[in-house]
Amino acid sequence: MLQEATQDAETHRTGTSERGSFCFAHCSCGWRGPARRSRERARTDADLHARTT
Ligand SMILES: [Zn+2]
């Protein structure tokens, strides 16, 4: 079985979710960032993930 690597930037749709007083980033690829105290921080995590993956 061959698995083609056809991942492009479109596959990484990131967003942020809040849980209690914490905020974390998530991605359409299944990735989830660590819980952060601020949404801005979580957005930075998401941004970094989308750029480096
Ligand atoms: Zn991703």
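**Group meeting: the zinc site**

Okay, so let's start at the metal: the zinc ion has a tetrahedral site, with angles of 104 to 119 degrees among its 4 donor atoms. For four donors, tetrahedral here means all angles lie between 85 and 135 degrees, and donors are N, O and S atoms within 2.8 Å of the metal (3.2 Å for Na, K and Ca), with water not among the atoms, so sites may look incomplete. The ideal angle for four tetrahedral donors is 109.5 degrees.

Quick caveats: this is a predicted model, where local features need pLDDT of at least 70 and side-chain atom pairs count only at pLDDT 80 or more, while totals for chains, interfaces and linings use all residues. Residues are numbered from 1 along each chain as its sequence is written, and side-chain values use heavy atoms, leaving out hydrogens and water.

Who holds the zinc ion? His12 through ND1, Cys27 and Cys29 through SG, and His49 through NE2, at 1.8 to 2.3 Å. Along the chain, the spacing of these donors reads H-x14-C-x1-C-x19-H. Cys27 sits in strand S2 (residues 22-27) and His49 in helix H1 (residues 39-52), 22 residues apart, so this pair links distant parts of the chain. Helices (H or I, at least four residues) and strands (E, at least two) are DSSP runs, numbered from the N terminus.

Cys27 counts as buried because its relative accessible area is 8%; the cut-offs are under 20% for buried, over 50% for exposed, partly exposed in between (1.4 Å probe, protein chains only). His49 is buried too.

Ser17, for instance, has Phe24 in S2 as its bridge partner.

Definitions and conventions
Tetrahedral: all angles 85-135°; square planar, octahedral: opposite > 155°, others 65-115°. Pairing = 2+ DSSP bridges.
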